[in-house]
Amino acid sequence: MSLRLPPLSTLRLFEAAGRLQSFKLAAAELNVTPSAVSHGIVSLESYLGVALFIRQPRRLVLTPEGADYLTYVSEAFGLLAAGMQRLQPCGGPARITLTCAPTLASRWLLPRLPAFRKLWPQVDISLDTSPRHAGFPADGFDFAIRMSRTPSGGPAWTRLFGEHLIPVCSPAYLQHLAVREGHIELERATLLHVVSAGEDWQAWLDATGTSGMDLSAGMRFDTIQLAIEAAMAGLGIVLGRLPLIGAELSAGTLVPASPHRVPAQTAYWLISAEDVTRRPALSAFRQWLLEEASACAGEPDAGILGSGRPDTSLRGVPTPSR
């Protein structure tokens, strides 16, 4: 069945005029005359049988019907633009577009990307770290990596790995907390909070049954990365997230301030566009990501002393050897 559509040229005029709230600005953007825009809008209104704009002196206002219709037209043009962006030119490089959180991108994905580039050197990768909701296919992404307790819909969601939470700090700061016989007092520590994290100190305290720590005090940061850097600078103790701090634990720039780690309730999920299996580069990238995540989940916990329920007194936690 053929679709009943108005002349597409008039839709382009309407989208620009509605977005810019001006026939004159729309004309300049589309390189036509304001008269051509005005006549095109009149033609579209006649075809639809509704008024799209209220023409006022020195002002152009969308009618309620026009504002509602503009959302559909804008989304349709956005889909066309996204589809064009995802086209693979003949003989040109394949492209992969991925969106994920900046801390995961810098601490987990980027160190691993050279291995994929060796396997697929002809593939270009575009990485977006904005926190906005990723719409498929409107935003043009092939993949998204997001944190969630459960998948939000359909088989396109695949679990990558979860996190474990453990207090960590610099070796020098840990020595600052040390008391007799090599034990430390966490209640004297400056806590480094991540205000944007869904699970932070309260989650660790609740899971371990720990008491005596003042969560209202300390320093606060809007990103995990900043809080980790603050801990490495000796400003206090941060709730580290494995595997994101694995490199620092292995290098000794961060050390556990407690032997007790707890699994986070949320996990990282890979969300795939519907057509990834039809494009070899996308299918290969997805499989590579799953293999890297599986290997990451099976890696030993460098620098971790153990797990379990601690004493509620916060005393008697042995200082790590390094």
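This passage describes the overall make-up of a predicted model and then several of its local features. In this model, local features need pLDDT of at least 70 and side-chain atom pairs count only at pLDDT 80 or more, whereas totals for chains, interfaces and linings use all residues. Residues are numbered from 1 along each chain as its sequence is written, and side-chain values use heavy atoms, with hydrogens and water left out.

The protein chain contains eleven helices and 13 strands. Of its 322 residues, 43% count as buried. Buried here means under 20% relative accessible area, exposed means over 50%, and partly exposed lies in between, with a 1.4 Å probe and protein chains only. The chain exposes about 16,900 Å², and carbon and sulfur atoms supply 57% of this area. Accessible areas come from the Shrake-Rupley method with a 1.4 Å probe, and for residues only the protein chains shown count as cover. Among contacts (heavy atoms within 4.5 Å) between residues at least 6 apart in sequence, 74% join residues at least 24 apart.

Leu3, Leu5 and Leu8 make a nonpolar surface patch of about 350 Å². Patches consist of residues with over 30% relative accessible area and no salt bridge; like charges are joined within 9 Å, and nonpolar side chains (Val, Leu, Ile, Met, Phe, Trp, Tyr) within 5 Å. Leucine 5 belongs to the segment before α1 (8–20) and is partly exposed, its relative accessible area being 48%.

Helix α2 (residues 23–30) has Phe23, Ala26, Ala27 and Leu30 as its buried residues. They lie on the same side of α2, because the arc they cover around the axis is only 100°. The arc is that of the directions from the helix axis to the C-beta atoms. Lys24 and Ala28, on the other side of α2, are exposed. The cover over the buried residues of α2 includes α1, α3 (34–48), β1 and β2.

Strands β1 (residues 53–56) and β2 (residues 59–62) run antiparallel and are joined by four bridges; two strands pair if DSSP finds at least two bridges between them. Within this pairing, arginine 55 stands opposite leucine 60 in β2. The hairpin has two residues between the strands, and arginine 58 in this hairpin takes a positive phi near 60°.

The salt bridges in the model number eight, a salt bridge being a side-chain nitrogen of Lys or Arg within 4 Å of a carboxyl oxygen of Asp or Glu. One of them connects arginine 19 with glutamate 15, with the closest N and O atoms 2.8 Å apart. These two residues are separated by about one helical turn, because they are four residues apart in helix α1. Glutamate 15 counts as buried at 14% relative accessibility, whereas arginine 19 is partly exposed at 42%. Arginine 19 also meets glutamate 29 in a salt bridge of 2.7 Å, N to O. This pair links distant parts of the chain, with glutamate 29 in helix α2 and arginine 19 in helix α1, ten residues apart. Glutamate 29 is partly exposed, with a relative accessible area of 43%.

A further salt bridge joins glutamate 45 to arginine 55, the closest N and O atoms being 2.9 Å apart. Glutamate 45 counts as buried at 12% relative accessibility, and arginine 55 as partly exposed at 39%. Salt bridges that share partners join Glu15, Arg19 and Glu29 into one network.

Threonine 71 is placed in helix α4 (residues 64–86) and is partly exposed, with a relative accessible area of 47%. Its C-alpha atom is separated by 9.8 Å from that of glycine 18, 53 residues apart along the chain.

In helix α8 (residues 201–208), the buried residues are Trp201, Trp204, Leu205 and Thr208. An arc of only 95° around the axis holds these residues and therefore puts them on the same side of α8. They pack against β6 (157–169), β8 (191–194), β10 (237–242) and β12 (262–272). Glycine 209, with a positive phi near 70°, follows α8.
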